[in-house]
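Here's a quick tour for anyone meeting this chain for the first time. Have a look at the picture, then read on.

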Amino acid sequence: DPGYTNIDNDELREMLENKDDYQFVDVRTLEEFYDSRIPGFTINIDFYKLEDKVSMLDNLDKDKPVVVMCNSGNRSVSASNIMLEEGFTEVYNLTDGIQGWDGETE
């Protein structure tokens, strides 16, 4: 059990319908984030900077479920692990990232 929960597109869609219950975090670079993103992912924390500066997570609520996504699902797994180490209680990872997302982007 990795500690975080892998979710697919359908599960993400359900979560996005209940936006207020979750924190949606895109861990790609700022450039990637502004280029194309999944609507609802309003928080951008660059994973490559997160590794050195875990304090970037301080603005998030550790007791509120967090949904993490990246480009293909690699960075988000690493970010999910860091979040669990930092005391987050409920972390969801979008398995195939934005590359595997079949919904709309903005």
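Accessible areas here come from the Shrake-Rupley method with a 1.4 Å probe, and for residues only the protein chains shown count as cover. On that basis, the surface of the chain comes to about 5800 Å², with 39% of it belonging to carbon and sulfur atoms.

A word on what you're looking at: this is a predicted model, where local features need pLDDT of at least 70, side-chain atom pairs count only at pLDDT 80 or more, and totals for chains, interfaces and linings use all residues. Residues are numbered from 1 along each chain as its sequence is written, and side-chain values use heavy atoms, leaving out hydrogens and water.

The chain has four helices and five strands (DSSP runs numbered from the N terminus: H or I of at least four residues for helices, E of at least two for strands). Along the sequence they follow the pattern β-α-β-α-β-α-β-α-β.

Now for the inside. Buried means under 20% relative accessible area (1.4 Å probe, protein chains only), and 44% of the 106 residues qualify. A nonpolar core is a set of buried Ala, Val, Leu, Ile, Met, Phe, Trp, Tyr and Cys residues joined through side-chain atoms within 4.5 Å. In the largest one, Leu57 and Met83 touch the most other members.

| Element | Residues |
|---|---|
| Helix H3 | 47–50 |
| Strand S4 | 66–69 |
| Helix H4 | 75–85 |

H4 gives the most to this core, with three residues. There's also a second, separate core of 13 residues, including Ile7 and Tyr92.

How values were computed: Buried means under 20% relative accessible area, exposed over 50%, partly exposed in between (1.4 Å probe, protein chains only).
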